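Please read them with the structure open.

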Amino acid sequence: GWFPDMCRHVEGERAGHRFFLERWQAAIVAGLFGWKRHDGTRRYRECMLYVAKKNGKTLFAAGLALYMLTADGEGGAKVLCAASSRDQAAMVFEPCAGMVRRNLRLSGHLRIYGDKGGAQRRSIVVRRDPTASLLVLSADEDTADGKNPHCSLVDEVHRHVSPKLAGVLHKSSAARRQPLTVYMTTADVDRPSFCNELLRRAKAVRDNQGDPLRPGHEPAFLPVIYEADERDDWRQRATWAKANPNLGVSVQESFLAEEARKAARSQSDLADFLRYHCNVRVGAVSGWLSMPDWDQCGPESVRGPAPDPVHLAHAYQKLQAELRGQPCFGGLD
């Protein structure tokens, strides 16, 4: 109930309207704040939200950040919004500031700094308790040590070059009674990275089924994973729905259909579509030639059924005769 009471949409056709949680968002809130330990504190201390682009995760995170700052009952609460760069950090801060401006109770309770740009650090401070604040950090700043966060929100994890900032933030919260760290991201490229290692960990927790003797037994970690299978047909709505829980809300089916049509014509667009809209890791950021097109290259003997060995040997000898003494170039992928 806190979201529609205190939060407003800040962009698009819903700007100014109350923020009613979608069912998938309400399920996350129920898990994070409704599941308690025997001592009354929250069970979950970490959460990974892995979802395709444009599903409203940044706006959802802004609401979580303001709740943790003002309504979680933590004295001197510090909420840290972490991003890979200053520009990305601004994208995290702006919906928080926008929500404050659109609610009289929040704007009377909180003071915003740095929202007009310039050298002033972007922050939101509780008027009656200046030790309670929301700060924005970026990985290109060495400012995370000693912050003692009550809540840390790490946005677009796939953009973080190293796990250093996220690691420092999580470890710095040890002095808090029930801290919370939320990692939010879309799929990374298939490579060794902090994002892919975190996803591997989240899937191990998801698949563990509560067995303390198997890998992934982390009762304090909540994995929330929305992704299509790489074997799914990326042209189908059912595939899009797997990665886009906000399909029909903030993600329009007509938009995905048009992007799919573009992807059918371009290998680089297909890689982007799979990664950003189906939440599937891809082996390369872009490519110029599809496998069906590659298969059409070369002589008929290559494109058709397996050639007769004798015929292939004659073709090879003919090619040798044609190329002998000529400057030749070979390419190998």
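Helices here are DSSP runs of H or I with at least four residues, and strands are runs of E with at least two; both are numbered from the N terminus. With that in hand, Asn279 sits in the loop between helix 10 and helix 11 (291-295). Note that this is a predicted model.

1. Overall build. The chain has 13 helices and 8 strands. Its C-alpha atoms fill a box of roughly 90 × 50 × 40 Å along the principal axes. The radius of gyration is 25 Å, whereas a compact globule of 333 residues would have one near 20 Å. Of the 333 residues, 42% count as buried.

2. Contacts along the sequence. Take contacts between residues at least 6 apart in sequence. Of these, 64% join residues at least 24 apart.

3. Surface and charge. The chain exposes about 18500 Å², and carbon and sulfur atoms supply 52% of that area. There are 47 positive and 40 negative side chains. The centres of the two sets lie 8 Å apart.

4. Cysteines. How many disulfides does the structure hold? The count is 0. A disulfide needs two cysteine sulfur atoms within 2.5 Å. Cys81 is in no disulfide either. The nearest cysteine sulfur to Cys81 is that of Cys96, 4.7 Å away. Cys81 is buried, and its relative accessible area is 1%.

5. Helix 10. Which residues of helix 10 (residues 267-276) are buried? They are Leu270, Ala271, Phe273 and Arg275. These buried residues pack against helix 8 (237-243) and helix 9 (253-265). As background, an α-helix has 3.6 residues a turn, so residues three or four places apart point the same way.

6. His158. This residue lies in the loop between strand 6 (151-154) and helix 6 (164-172). Is His158 buried or exposed? His158 is buried, with a relative accessible area of 7%. Setting aside neighbours within four places in sequence, His158 is in contact with Thr185, Thr186, Ala187, Asp188, Arg191, Cys195 and Arg275. One of these partners, Arg275, is among the buried residues of helix 10.

7. Two asparagines with positive phi. Asn148 has a phi of about 50 degrees, although it is not a glycine. Asn148 is in the loop between strand 5 (129-138) and strand 6. Asn279 has a phi of about 60 degrees, and it is not a glycine either. Asn148 is partly exposed, at 29% relative accessible area, whereas Asn279 is buried, at 0%. Please look at both backbones in the viewer.

8. Leu21 and its surroundings. Leu21 lies in the loop between helix 1 (2-6) and helix 2 (23-34). Leu21 counts as partly exposed, at 25% relative accessibility. Which residues does Leu21 touch, not counting those up to four places away in sequence? They are Phe3, Ala26, Val29 and Phe60. Leu21 and Phe60 are 39 residues apart along the chain, yet their C-alpha atoms are separated by 8.4 Å.

9. Gln25. This residue is found in helix 2. Gln25 is buried, at 2% relative accessibility. Beyond residues up to four places away in sequence, Gln25 touches Phe19, Phe20, Asn55, Gly56 and Phe60.

10. Gly12. Where is Gly12 placed? Gly12 is in the loop between helix 1 and helix 2. Gly12 is exposed, with a relative accessible area of 60%. Gly12 and Ser172 are 160 residues apart in sequence. In space, C-alpha to C-alpha, the two are 36 Å apart.

Conventions. Residues numbered from 1 in each chain as written. Predicted model: local features only at pLDDT ≥ 70, side-chain atom pairs only at ≥ 80, totals over all residues. Heavy atoms only, no water. Buried < 20%, exposed > 50% of the residue type's maximum accessible area, 1.4 Å probe, protein only. Contact = heavy atoms within 4.5 Å. Rg over C-alpha atoms; globule rule 2.2 N^0.38 Å. Areas by Shrake-Rupley, 256 points an atom, 1.4 Å probe, with all protein chains shown as cover. Lys, Arg positive; Asp, Glu negative; His and termini not counted. Charge placed at Lys NZ, Arg CZ, Asp CG, Glu CD.
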